[in-house]
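Open the structure in a viewer and keep the selection tool at hand. The stops below can be taken in order.

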Amino acid sequence: MSRRAFVAGVGMIPFTKPGKSDDYDVMGARAATAALKDAGLEYSKVQQAYVGYVYGDSTSGQRALYNLGETGIPVINVNNNCATGSTALWLARQAVESGAVECALALGFEQMQPGALKGAWTDRPRPLARFDEVLEAAAGIDTSVPRAAQYFGVAGIEYMEKFGMKAETFAKVQVKARKHSADNPYAVFRTQLTEEEVMAAPTLFGPVTRYQACPPTCGAAAAIICTEEFARANGLRTDVAIKAQSMTSDLPSTFDEGSMIKAVGYDVTASAARNVYEASGVDPRDIRVVELHDCFTVNEVLCYEALGLVEEGNAEQFILSGDNTYGGRVVVNPSGGLLSKGHPLGATGLAQCTELVWQLRGDAGPRQVDGATLALQHNLGLGGAGVVTLYEKVS
């Protein structure tokens with residue numbers, strides 16, 4: 001019998017630029033300790049741990065958690081590209097709901113290096129080789145430009161040609177992100193940007209300028225997931241629950257339709273979102289706060305539609321009318337998102353979780369979204385994995 005999973009505690013550390021952070025094991029231990037403190041729980045009560053990171057040797061999860069003690073629990077290391085943190089959360093939630101455990105820890109961290117993402121191995125097939133084939137057919141490959149910027153840059157060109165959107169509208173997404181991150185002490189970038197500054201930055205590819213790509217970042221975040229029975233037995237809070245969650249991987253349309261919009265995860269996101277809405281009975285128009293995977297401004301625009309926040313082709317009007325921020329219909333990325341908060345790959349999904357739990361508790365301070373009772377999270381990793389999670393405030 002499936003049991004309900006509650007988020008009893010969350011924690012994260014301030015994100016920083018590469019070279020300015022603690023080592024990964026220290027960051028991970030700090031975030032896990034913060035989540036345990038938030039929950040009011042001793043580490044010895046945790047029965048399993050799922051630890052996500054992308055750039056690190058095997059069993060880095062154990063190295064981080066051993067700073068809290070050697071309790072002998074199973075520690076599972078997770079790597080699912082940029083969806084790694086949410087994959088750890090998905091596994092912890094699944095373990096709790098299935099009855100395997102009463103309490104699990106999901107932890108994510110990343111100690112990144114400066115510059116664009118790159119693979120660690122050159123003597124074996126690239127996991128993203130099929131994505132390169134779609135890019136090659138759509139626009140060719142420029143070896144002087146980071147590959148991810150080409151993926152999303154070409155997707156942006158495709159969207160503009162299909163729906164007539166202006167390049168300046170993508171820039172407005174980053175302006176909004178910086179306005180939100182100004183009130184987030186955990187964000188790596190808090191200074192404001194104007195639309196003119198975003199547009200004047202060096203072009204990466206297509207409509208994407210340097211300010212429209214998320215920065216390499218170091219950081220960590222964590223969550224304590226448990227049953228209601230465990231929470232009550234240990235005096236933990238039960239005011240936020242995971243109402244529905246879905247993780248999906250690529251479909252034939254990712255590769256077969258010659259669309260970079262599809263290749264960068266549109267159908268992966270849409271499929272996971274549909275699963276969540278069907279399982280929960282929630283209409284996406286009733287959601288007031290969303291943390292979505294804005295690795296590039298282009299992806300935020302695509303995700304408005306893939307998540308069902310607006311109809312296909314209506315993203316530009318959604319942005320221009322201010323319906324994606326405070327005073328509008330839904331506040332998207334109140335944290336500042338990946339664009340401004342930063343994107344430490346293994347930590348991102350759990351940082352999104354942390355922000356949304358704070359929102360539902362009413363603990364988000366100047367970022368607080370009024371009247372939020374439902375919160376939607378979206379985390380995407382090319383290769384591919386998409387995780388969509390719906391949280392609810394429990395009275």
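Start with the lining of the largest pocket, which by class has 31 nonpolar, 12 polar and six charged residues. Here Ala, Val, Leu, Ile, Met, Phe, Trp, Tyr, Cys and Pro count as nonpolar, Asp, Glu, Lys and Arg as charged, and the others, Gly among them, as polar. The model is predicted: local features need pLDDT of at least 70, side-chain atom pairs count only at pLDDT 80 or more, and totals for chains, interfaces and linings use all residues. Residues are numbered from 1 along each chain as its sequence is written, and side-chain values use heavy atoms, with hydrogens and water left out.

The largest pocket holds about 1,500 Å³ of space. Select Tyr55, Ala116, Leu117, Lys118 and Ala148, the closest to its centre of the 49 residues that line it. A pocket is an open set of points on a 1 Å grid over the protein atoms alone, with protein on both sides within 12 Å along at least five of seven lines; a cavity is a set where a 1.4 Å probe fits but cannot get out, and lining residues have an atom within 4 Å of a point. Grid points are joined across faces, edges and corners, and a volume is the space filled by probe spheres set on the points.

Next, colour α5 (147-163), α6 (167-181) and β11 (374-381), each of which supplies at least two residues of the lining of the largest pocket. Helices (H or I, at least four residues) and strands (E, at least two) are DSSP runs, numbered from the N terminus. Which of these elements gives the largest share of the lining? It is α5, with five residues.

The second largest pocket has about 300 Å³ of space. Of its 14 lining residues, Tyr55, Gln113, Lys118, Gly119 and Ala120 are the closest to its centre.

**The cavity**

How many cavities of 30 Å³ or more does a search of the whole structure find? The search finds one. The largest cavity has a volume of about 30 Å³. To see its lining, select residues including Phe131, Asp250, Val268, Leu380 and Ala385. By class, this lining has seven nonpolar, four polar and one charged residues.

**A pair of helices**

Show α11 (residues 266-280) and α12 (residues 297-306), which pack at an angle of about 35 degrees with their axes 9 Å apart. Axes are lines fitted to C-alpha atoms, for helices over the stretch in contact, and angles run from 0 to 180 degrees between N-to-C directions. For the contact itself, select Tyr266, Thr269, Ala270 and Ala273 in α11, which meet Leu302, Glu305 and Ala306 in α12. Contact means heavy atoms within 4.5 Å.

Go to helix α15 (residues 345-361) and pick glutamine 352. Is glutamine 352 buried or exposed? Glutamine 352 counts as buried because its relative accessibility is 0%; buried means under 20% relative accessible area, exposed over 50%, and partly exposed in between (1.4 Å probe, protein chains only). Leaving aside neighbours within four places in sequence, its contacts include Ser86, Glu291, Gln377 and Asn379.

Glycine 349 is also in α15, and is buried at 0% relative accessibility. Glycine 349 lies 260 residues from leucine 89 in sequence, but 7.9 Å away in space, C-alpha to C-alpha.

End at glycine 371, in the loop between α15 and β11. Glycine 371 is exposed, since its relative accessible area is 62%.
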